[in-house]
Amino acid sequence: MSRKPYLREETMRWVFRHPRYLRYMAREFSCLFIGGYGLLMVWGLKRLSEGPAAWRSFLEVLQSPASIAFHVLALGFALYHSVTWFKLTPKALPVQVGGEFLPDGIISGAHYAVWAALSLAVLILAGAF
Amino acid sequence: MSERRVELEVLRYHPETDAAPRFQRYSVDCREEWVVLDALNHVKETLDPTLSYRWSCHMAVCGSCGMMINGEPRLACKSFLRDYQGVIRVEPLAHFPIERDLVTVIDDFMAKLKRVKPYLIPAQARALEQGEYRQTPAELKRYKQFTLCMNCMLCYAACPEYGLIPKFIGPAAISLAHRYNQDSRDGGRAARQEEIAAAEGVWECSFTGACSEVCPEHVDPAAALQQVKIKSTVDWYLAHLMPWLKK
Ligand code: SF4
Ligand code: FES
């Protein structure tokens with residue numbers, strides 16, 4: 001009997017095979033916005049180091065419609081990124097106490113709590129209160 | 001008993017005569033409570049004895065009837081016709097070479113399974129007269145879920161990483177390695193790490209999570225892989241930042 005296995009070529013079509021792959025790609029795509037936002041912060045620091053005039057012009061650029069649109073998008077993607085990752089944390093970090101595993105909500109809830117505490121610390125350091 | 005005419009579109013490939021696979025349509029009268037596997041059996045018995053596919057248990061236990069049903073990796077014996085409208089498209093499991101019709105070549109998976117040493121490597125050798133290895137229910141629970149795998153390979157067909165990078169050891173094999181690593185009787189982790197903590201091991205995984213969504217046994221391979229990543233990362237830090245801890 002002759003064997004002649006046929007391998008079907010993998011194309012990028014898998015992305016559309018099921019909505020889960022689109023959701024995954026959206027999560028991966030979010031890194032562009034988060035990375036972009038990081039670069040923006042670095043650029044801001046550089047302008048700050050260049051004196052008050054440079055800093056003021058940086059703030060003006062931030063107020064442009066394009067910058068506001070970018071911020072809204074970046075915020076959306078950052079939230080999507082964080083929420084989807086936090087939802088996955090119980091898989092990566094199961095905690096067994098005695099015979100039972102802690103419920104998923106406790107593991108992801110703890111992540112939200114740490115997130116909130118760190119955000120609060122940053123706000124306090126920034127003199128928001 | 002109500003009957004329904006079902007249109008099946010089945011990918012056919014005969015290596016002796018075909019240069020490439022092609023779809024063939026079958027129109028079959030099926031009972032309402034049938035699964036896709038029943039429809040295929042009916043085709044084979046009444047219309048086309050040349051149709052090839054794997055199956056054995058017809059009860060979601062053996063793991064041999066995995067195929068793509070309307071583009072989703074599924075067990076044909078667990079996919080009820082009543083859940084599908086219109087033409088049902090049946091293809092061999094994605095990412096595996098096609099041997100014939102719906103039969104795939106699974107050598108790659110079998111070789112990977114062997115590489116991860118999916119068997120108990122006792123931490124301490126025990127003589128027969130010392131009796132059995134003992135384990136508490138809590139210790140059993142630690143890995144129980146990962147024992148449920150039946151090697152159906154649906155997770156490989158769902159995993160885009162495996163499709164793009166075939167050398168990736170993949171969800172089921174790594175989960176099984178993790179199952180033994182988590183076993184209190186086992187001492188083989190170091191031997192398995194060479195395979196699963198390598199680049200083509202767990203680090204090829206980008207946590208799409210599709211494996212866990214399609215797994216018919218709720219093994220949750222994605223969870224196993226992330227746990228292996230975390231443990232391997234901890235290993236790395238301990239070895240590089242605190243080498244004195246190493247025995
Ligand atoms: S992990 Fe699940 S989907 Fe993958 S081979 Fe095992 S039973 Fe099948
Ligand atoms: S025939 Fe055994 S799992 Fe479907």
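**Ground rules.** I number residues from 1 along each chain as its sequence is written, with chains lettered from A and ligands numbered from 1 in the order in which they are written. Since the model is predicted, local features need pLDDT of at least 70, side-chain atom pairs count only at pLDDT 80 or more, and totals for chains, interfaces and linings use all residues, while side-chain values use heavy atoms, with hydrogens and water left out.

**Aromatic pairs.** Trp14(A) and Tyr21(A) are edge-to-face, because their ring centres are 5.5 Å apart and their planes stand at 85 degrees. Trp14(A) also pairs with Tyr24(A), and I noted this pair as tilted, at 6.5 Å centre to centre and 40 degrees between the planes. Because Trp14(A) lies in the segment before helix H1 (19–49) of chain A and Tyr24(A) in helix H1 itself, the pair ties together parts that are ten residues apart in sequence; helices (H or I, at least four residues) are DSSP runs, numbered from the N terminus. Both Trp14(A) and Tyr24(A) are buried, that is, under 20% relative accessible area, against over 50% for exposed and in between for partly exposed (1.4 Å probe, protein chains only).

**H1 against H3.** I then turned to H1(A) and helix H3 (residues 65–92) of chain A, whose axes come within 8 Å and cross at roughly 125 degrees; axes are lines fitted to C-alpha atoms, for helices over the stretch in contact, and angles run from 0 to 180 degrees between N-to-C directions. The contact (heavy atoms within 4.5 Å) includes Phe29(A) and Phe33(A) of H1(A), and Phe70(A) and Phe77(A) of H3(A). These four residues, Phe29(A), Phe33(A), Phe70(A) and Phe77(A), form one aromatic cluster. Arg27(A) and Trp85(A) are also among the contact residues, and Arg27(A) lies over the face of Trp85(A), at 4.3 Å from the ring centre.

**Positive phi.** In chain B I checked Phe207(B), which has a positive phi of about 60 degrees although it is not a glycine, and which lies in the loop between helix H7 (189–196) and helix H8 (210–214). At 4% relative accessibility Phe207(B) counts as buried. His218(B), in the loop between H8 and helix H9 (221–241) of chain B, has a positive phi near 55 degrees, but at 61% relative accessibility counts as exposed.

Methods
Phe/Tyr/Trp six-rings, centres within 6.5 Å; stacked < 30°, edge-to-face > 60°. Helix = DSSP H or I, 4+ residues; strand = E, 2+ residues; numbered from the N terminus. Lys NZ or Arg CZ within 6 Å of the ring centre and 35° of its normal.
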